[in-house]
Amino acid sequence: MMKIHGLSKLTLLDYPEHTACTLFCGGCNFRCPFCQNSTLARAPEREPVIPRDEIMAFLKKRSGILQGVCITGGEPTLHEDLPEWIRQIRHLGYLVKLDTNGYRPDVLEKLLADCPPDYVAMDIKSSRAGYGLAAGLPGMDTKPVEESVRLLRAARIPVEFRTTLVKGIHTKEDIRSIGRWLAGTDRYFLQHFEDSENVPDHRLSGFSKQETEGFLKILRRTIPGAAARGL
Ligand code: SF4
């Protein structure tokens, strides 16, 4: 059962061009060393739970005021009842945005067929060669992630891909490789990394504005709309 451990009641940033709230579920199948929600991802049982009734009552009250609901984590696709949550939230008149790391293409495929969210944001942790380092799973098989990219690029809903850029994890070669992999995609964002209390590896840092602009220049050769966030 998907448990909601956090509710951000208003966000103008999480759902592009919409007013929304954000629901945070727990658990994750990745171990990114730069995770901003590492307790939620790794030890959700230590986090408080907001009862489902409370969430639904809040959503009913805000229906018609907020436009969208973002479901994030942790990793939402780990939870069997995610489709049920999406259906119920849409039934209340909301658009639903799903954040995912794309490691469960089977779940995404079923969602896209049976109850598609209105927007999906998928993390591209790194180039395929660098994925294990960025996701904290050395030697991982990247095929599931590649399959999710393929599925989402073929989907009829708006989709974005995004990479949180971290010094010590990403190199220029990773960026070149991502540019080739995602060539021609509509929406791709580089996100700025900031260390915070919850990040597992405090040796990591973000790239400067200038460095990020250099990466964007490389990316725009193959992804003309590539943009940066949070700089
Ligand atoms: S996929 Fe997201 S939630 Fe999971 S460990 Fe990585 S950054 Fe954290």
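Helices (H or I, at least four residues) and strands (E, at least two) are DSSP runs, numbered from the N terminus. Two strands pair if DSSP finds at least two bridges between them. What you're looking at is a predicted model, where local features need pLDDT of at least 70, side-chain atom pairs count only at pLDDT 80 or more, and totals for chains, interfaces and linings use all residues. Residues are numbered from 1 along each chain as its sequence is written, and side-chain values use heavy atoms, with hydrogens and water left out.

Let's start with the sheet. Strands of a sheet pair through backbone hydrogen bonds, either parallel or antiparallel. Here, eight strands form an open sheet with mixed pairing, in the order S1-S2-S3-S4-S5-S6-S7-S8. At its edges sit strand S1 (4-11) and strand S8 (227-229), each pairing on one side only. On average, neighbouring strands of this sheet are turned by 25° against each other, direction ignored. Now pick out S6 and S7: they pair in the parallel sense over five bridges. If you find Leu165, its bridge partner in S7 is His192. Helix H6 (residues 143-154) packs on the sheet, touching strand S5 (119-123) and S6 (contact means heavy atoms within 4.5 Å). The direction of H6 makes about 150° with that of S5 (axes are lines fitted to C-alpha atoms, for helices over the stretch in contact, and angles run from 0 to 180 degrees between N-to-C directions).

On a 1 Å grid over the protein atoms alone, a cavity is a set of points where a 1.4 Å probe fits but cannot get out, while a pocket is an open set with protein on both sides within 12 Å along at least five of seven lines; lining residues have an atom within 4 Å of a point. Grid points are joined across faces, edges and corners, and a volume is the space filled by probe spheres set on the points.

The largest pocket has a volume of about 1100 Å³. It is lined by 38 residues, and the closest to its centre are Asn37, Asp123, Arg162, Thr164 and Gln191. Several elements each supply at least two lining residues, among them strand S2 (20-25), helix H1 (38-42) and strand S7 (188-192). The largest share, four residues, comes from S6. By class, this lining divides into 13 nonpolar, 13 polar and 12 charged residues (Ala, Val, Leu, Ile, Met, Phe, Trp, Tyr, Cys and Pro count as nonpolar, Asp, Glu, Lys and Arg as charged, and the others, Gly among them, as polar).

There's also one cavity of 30 Å³ or more, and the largest cavity has a volume of about 50 Å³. Its lining includes our bridge partners Leu165 and His192, and also Gln191 and Phe207. S7 gives the largest share of this lining, three residues.

Now for some rings. The structure holds six aromatic pairs (rings of Phe, Tyr and Trp, the last by its six-membered ring, pair if their centres lie within 6.5 Å; planes under 30 degrees apart count as stacked, over 60 as edge-to-face and the rest as tilted). In one of them, Phe30 and Tyr103 have ring centres 4.8 Å apart and planes at 55°, so the pair is tilted. This pair links distant parts of the chain, 73 residues apart: Phe30 is in the loop between S2 and H1, and Tyr103 is in the loop between S4 and helix H4 (105-114).

Finally, two backbone spots. The peptide bond from Gly73 to Gly74 is cis, with omega near 5°, and Gly74 is found in the loop between S3 and helix H3 (82-91). Glu17, in the loop between S1 and S2, has a phi near 60°, a positive value in a residue other than glycine.
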